Amino acid sequence: MPAAPISQGMSQPSIILAPSAAARVATIAAKQAKPAILRLAVEGGGCSGFQYRFGLAETVEADDTVVETDGVRLVVDAMSLDLVGGATVDYVESLGGAAFRVTNPNAASGCGCGASFSV
């Protein structure tokens, strides 16, 4: 079951961390002896205008929106949340490889690899 956002301050669009993504983050964090906190950020670039950036975070910042699934936290800064609010972060394994995937209802278009988007 997706987790409800735990945000500080005003009501903002939610974001969902799927159980498959939470499990993968927990595995990676345990191997690296780091907290199970996945940071999702959006930055300019990529073939469609914006690109997703993932990384393990050591801490939660004051302006972050935080959602938790199965003990794993997903943190998104306020500026990035404007572009990914309502999205689902999943971990997908296929013949082409395995990766975190964002299903973003705000994206007007995206590239074939799913790593960048435009609004």
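Let's start at K34, which sits in the loop between α1 (19–32) and β3 (37–45). Helices here are DSSP runs of H or I with at least four residues, strands are runs of E with at least two, and both are numbered from the N terminus. Before I go on, a word on what we are looking at: this is a predicted model, where local features need pLDDT of at least 70, side-chain atom pairs count only at pLDDT 80 or more, and totals for chains, interfaces and linings use all residues. Residues are numbered from 1 along each chain as its sequence is written, and side-chain values use heavy atoms, with hydrogens and water left out.

Back to K34. Is this residue buried, exposed or partly exposed? K34 is partly exposed, because its relative accessible area is 36%; the cut-offs are under 20% for buried, over 50% for exposed and in between for partly exposed, using a 1.4 Å probe and protein chains only. Leaving aside residues up to four places away in sequence, K34 touches A29, L56 and E58, where a contact means heavy atoms within 4.5 Å.

A33 lies in the loop between α1 and β3, and its phi is positive, about 55 degrees, although A33 is not a glycine. A33 counts as exposed because its relative accessible area is 71%. There is another residue of this kind: D70, also not a glycine, has a positive phi near 50 degrees. You'll find D70 in the loop between β5 (65–69) and β6, and D70 is exposed, at 65% relative accessibility.

Now step back into helix α1 itself. α1 has 14 residues and reaches 20 Å from its first C-alpha to its last, close to the 20 Å expected at 1.5 Å a residue; that expected span is 1.5 Å times one less than the number of residues. Which residues of α1 are buried? They are A21, A22, V25 and A29. Looking down the axis of α1, these buried residues fall within an arc of 100 degrees, so they line one face of the helix. The arc is taken from the directions from the helix axis to the C-beta atoms. On the face of α1 turned away from the buried side are the exposed residues A30 and K31.

The other helix is α2, residues 78–84, and S80 is found there. S80 counts as buried because its relative accessibility is 3%. Beyond four places in sequence, S80 touches L40, A41 and V42.

Next, the aromatic residues. A search of the whole structure finds 2 aromatic pairs. Rings of Phe, Tyr and Trp (its six-membered ring) pair if their centres lie within 6.5 Å, and planes under 30 degrees apart are stacked, over 60 edge-to-face and the rest tilted. Y91 and F100 form an edge-to-face pair, 5.2 Å centre to centre with 65 degrees between the planes. Y91 is buried, at 16% relative accessibility, while F100 is partly exposed, at 22%. Together, F54, Y91 and F100 form one aromatic cluster.

On to a sheet. There is an open sheet of 3 strands in the order β2-β7-β8, with mixed pairing. Its edge strands are β2 (16–17) and β8 (97–103), each pairing on one side only. Two strands count as paired if DSSP finds at least two bridges between them. β2 and strand β7 (residues 88–94) run parallel and are joined by 2 bridges, and L17 has V89 in β7 as its bridge partner.

Finally, the whole protein. The secondary structure comes to 2 helices and 10 strands, and buried residues make up 34% of the 119 residues. How confident is the predictor, on a pLDDT scale that runs from 0 to 100 for each residue? The mean pLDDT is 82, and 77% of residues reach 70 or more. Over residues 1–12, pLDDT stays under 50.
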